[in-house]
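Subject: Structure for your review

Dear colleague,

Please find below the structure that I am handing over to you. My findings follow it.

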Number of protein chains: 2
Amino acid sequence: MTKKYIFLFLLITGFAWTQEDQLPSWREGDSKKAILEFVRKATDPKSTEYVLPEDRIATFDQDGTLWVEHPLYTQAMFALDRVKKMSSLHPEWKNEEPFKAILTDDKLAISTFDEHDWALIIAATHADMSVESFLHVVQEWLAASKHPRFNQPYTKLIYQPMMEVMNYLRNNGFMVYIVSGGGQEFIRAYAQQIYNLPPNQIIGSSITTKYENQPNGIPLLMRLPKVFFICNYGGKPVAINLIIGKKPSAAFGNSTGDKEMLEWTQANQRSKLMMLVLHDDPEREYAYGPAMGLPNTSVGTFSAQLLADAKQRNWFVISMKNDWNRIFAFEK
Amino acid sequence: MTKKYIFLFLLITGFAWTQEDQLPSWREGDSKKAILEFVRKATDPKSTEYVLPEDRIATFDQDGTLWVEHPLYTQAMFALDRVKKMSSLHPEWKNEEPFKAILTDDKLAISTFDEHDWALIIAATHADMSVESFLHVVQEWLAASKHPRFNQPYTKLIYQPMMEVMNYLRNNGFMVYIVSGGGQEFIRAYAQQIYNLPPNQIIGSSITTKYENQPNGIPLLMRLPKVFFICNYGGKPVAINLIIGKKPSAAFGNSTGDKEMLEWTQANQRSKLMMLVLHDDPEREYAYGPAMGLPNTSVGTFSAQLLADAKQRNWFVISMKNDWNRIFAFEK
């Protein structure tokens, strides 16, 4: 009797399981099919493309792939706010670029900041404090700040369909990593709470840190105003090797900075999936970049060349407009 | 009936479990007691020093902590052999130090090589090939080489008592990492097979790598003759933060290069354990360094100051001679 009930129970829950759509925010189409097909092959021991559980690794870019990156990267918004907040301690900034442009809210000048400008801003706002203090500063800012267009906290601007992919992969035994050009510690400040991703699954650009013993004997890691590593373009495979040490089976990106990560994933011998999010939905989110026939933007460039590469290499291009029936969790 | 049998089965296996000594190569004493006590507190939800499963992290130094490091680090032995193997392609080495000393087997000169010498040797022997090729080269060498005194493959010179600690911690939910001053990829070449540790749990010094697309379109990571990161002294906490992002609960080392890792572990608010292996057994292994009242050695320095620090900070000093009833698995 008992055995029969257990069998029935398993049958019913098993049935419910196969019926449940684990990607409900995805419309039926090539992208959704590709994800389902990939997981089916990767987890089927009889498939020639079976991936051993310990080799199931998926990497996600962050800005523009998992959350909104326009009009400016969230971390850049944080940096600009921090310049304003710190300005009373730096009266000289009133007359010094790039700080002057920020303090006078010169949006045009800000939109044309180059790498050197941003390096100065990052050094002034992201360093000279301990790693622990930095995490607190970021968390405070995230709790208090809202996106100018959506009027929502930045952490609510996660793409719900991508969260579903992340969870679907985890439910199938994948170890999920974020591999971002953005700052590793900036992402760590919210990743545990938002994605349930612990700090060892966050890979990103980093600043040089220095171990110091304080006078009270308690050690800390000080953040120095000096770049340690840029995790973008070829830096993504380099960081993946350094921190994971295996090629991913699945990689998700949205810009030219993700190309090498997708190439590296494609070089994996087993089942693999390479996808790029295309921002083609000006109504619900944004549309930008040459791939959309629109002017280039320095924030999340999806070049026409990348689109051509994707087609040639069988990378899937996810259309936000067509593939996603919902973009944010807060939508009804 | 069935329930009763299950209960009896659990009782019997539970009883067997509590009876089994999981550290059989350890003699009864303060060191063994400290390890057992630490794990008891860390895993008891009622203890004020309870450590959540996701925060259970243990870090082990490699050379001199997990395996033999005398007369020379295994990786240095590899480098010397490789200089000899590569010498036919480099006729100029016959007249160039430090290569000349290696090719003429000048042991005295080799024992006094400084950092600059080793940097030249590492650059000549560890670079200008892909990460994948390097792993193969190391694996081939390890399979073919034996330790000059023990006449055993280097991978058989793992300390059995430390393997037991590593497994005991894993059985209690700890994520175990190696954090070595030695090369990360060198350790990765054998860590999966020897310790059952995947590459993402191996932290070490590293060489700069560069992402390249080969003419056939297959990408690879090339190892450049340039240091990327030295994972020793303050570099150990820096690397732990970069790759793990949490403070360890337990740390094991054997030399001055491990001091900062133990300090960083001690700064953890919860249950913690800091231990140093003292090489005090010239019969079964080696005895060296000022802590033993012996001359300093540049290979695994345990300074008198470190011994004083350990006493002052309640770090446990493991006596190989007194605490271990067996050192190597191949002993009868």
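A nonpolar core, as the term is used here, is a set of buried Ala, Val, Leu, Ile, Met, Phe, Trp, Tyr and Cys residues joined through side-chain atoms within 4.5 Å. Please note that this is a predicted model.

The largest such core has 70 residues. Those with the most contacts inside it are A:Phe60, A:Met162, A:Leu169, A:Tyr195, A:Phe252 and A:Trp324. Helix H3 (residues 74–86) of chain A contributes the largest share of this core, namely seven residues. A second, separate core comprises 69 residues, among them B:Phe113, B:Tyr190, B:Met320 and B:Phe328.

To take one residue of the largest core, A:Leu169 touches A:Phe38, A:Val39, A:Ala58, A:Phe60, A:Phe174, A:Val176 and A:Phe252, with residues up to four places away in sequence left out of the count.

I turn now to the interface. Here 32 residues of chain B are in contact with 32 residues of chain A. The area buried between the two chains is about 2600 Å², and carbon and sulfur atoms give 62% of this area. On the side of chain B, the residues that lose the most area to chain A are B:Tyr211, B:Phe228 and B:Leu242, which together account for 23% of what that side buries.

Which polar interactions cross the interface? The rule finds 16 residue pairs in polar contact between chain B and chain A (both at pLDDT 80 or more), but zero salt bridges. By class, the side of chain B that touches chain A has 17 nonpolar, eight polar and seven charged residues.

Yours sincerely

How values were computed. Residues are numbered from 1 along each chain as its sequence is written. Chains are lettered from A and ligands numbered from 1 in the order in which they are written. Side-chain values use heavy atoms; hydrogens and water are left out. Buried means under 20% relative accessible area, exposed over 50%, partly exposed in between (1.4 Å probe, protein chains only). Helices (H or I, at least four residues) and strands (E, at least two) are DSSP runs, numbered from the N terminus. Contact means heavy atoms within 4.5 Å. Buried area is the accessible area (1.4 Å probe) that two parts lose on being put together, summed over both. A salt bridge is a side-chain nitrogen of Lys or Arg within 4 Å of a carboxyl oxygen of Asp or Glu. A polar contact is a pair of N or O atoms within 3.5 Å; within protein, one must be able to donate a hydrogen and the other to accept it, and residues adjacent in sequence count only if both atoms are side-chain atoms. Ala, Val, Leu, Ile, Met, Phe, Trp, Tyr, Cys and Pro count as nonpolar, Asp, Glu, Lys and Arg as charged, and the others, Gly among them, as polar.
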